[in-house]
Amino acid sequence: MTRTTAAEADALWAGIDDQRERTAQLLERLAPEQWEHPSLCEGWTVRHVAAHLTLQRERPRDAAAFVGRHPHLLRSRSLNAFIHDVAVVQAELLSTQEVVGRIRAGIGSRRHNPFVTPLETLTDILVHSQDIAIPLGHELDMAPGPSALAAARRWDTRGTWLARVNRRLPIEGYRLRASDIEWTRGDGPEVTGPVGALLLLLTGRPAALSHLSGEGADALRLAEM
């Protein structure tokens, strides 16, 4: 991550706080059965995703203590499996009210998980809030500015270990262009739409294609059929 100014850091964390509050408000409105509804993440319920979002501020000693209390997590087969298994345990430990409270308690905090940057925290809350909202048929706004920051980070790190947690869609050879903010990446047939939808595409969510248009979007939809 390149060095940011104080103003840029403030804007980034304000985006995180804003989406945490939006997500908490959505979760507060859910009926009990909606918490058990499948999310956009395969094998994850809404409850699992929401519980995962309570773990955005873990220090190394916090993570070590959690695994120490639940040693079966060490048998997880991969990084993705480990992240999923931790979320399942956390979901079992917390009531829905506690999940909402912990997400909201993160507002104003600038602590983030080790080995990642605040841009990963931003991506996490933006994308996972949609993993919850979209399958339930809820509209949950994402501010274009923070979404563009997260999309740029996902584009820049798409060939690194940070991208391994996401399904890889065949986006190479396309030009991604936001319709609600100045943001363009890549070359080729155009995929255009809200930058939040482009962020979902960059993180492997085909559901984003219903909000995108252009020759490139048409080709990606055919590839998903």
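Here follow some questions and answers about a predicted model.

Guide: Residues are numbered from 1 along each chain as its sequence is written, and side-chain values use heavy atoms, with hydrogens and water left out. In this predicted model, local features need pLDDT of at least 70 and side-chain atom pairs count only at pLDDT 80 or more, while totals for chains, interfaces and linings use all residues.

Visitor: Which residue forms a salt bridge with aspartate 62?
Guide: A salt bridge here is a side-chain nitrogen of Lys or Arg within 4 Å of a carboxyl oxygen of Asp or Glu. For aspartate 62 the closest N and O atoms of such a pair are 2.9 Å apart, and the partner is arginine 59.

Visitor: Is aspartate 62 buried or exposed?
Guide: Buried means under 20% relative accessible area, exposed means over 50%, and partly exposed lies in between, judged with a 1.4 Å probe and protein chains only. Because the relative accessible area of aspartate 62 is 19%, this residue counts as buried.

Visitor: Where is arginine 110, which meets aspartate 10 in a salt bridge?
Guide: The side chains of aspartate 10 and arginine 110 meet at 2.6 Å, N to O. The pair links distant parts of the chain, 100 residues apart, with aspartate 10 in helix 1 and arginine 110 in the loop between helix 6 and helix 7. Helices are DSSP runs of H or I with at least four residues, and strands are runs of E with at least two, numbered from the N terminus.

Visitor: How many salt bridges does a search of the whole structure find?
Guide: Among them is the one between glutamate 190 and arginine 177, at 3.1 Å. The search of the whole structure gives a total of 14.
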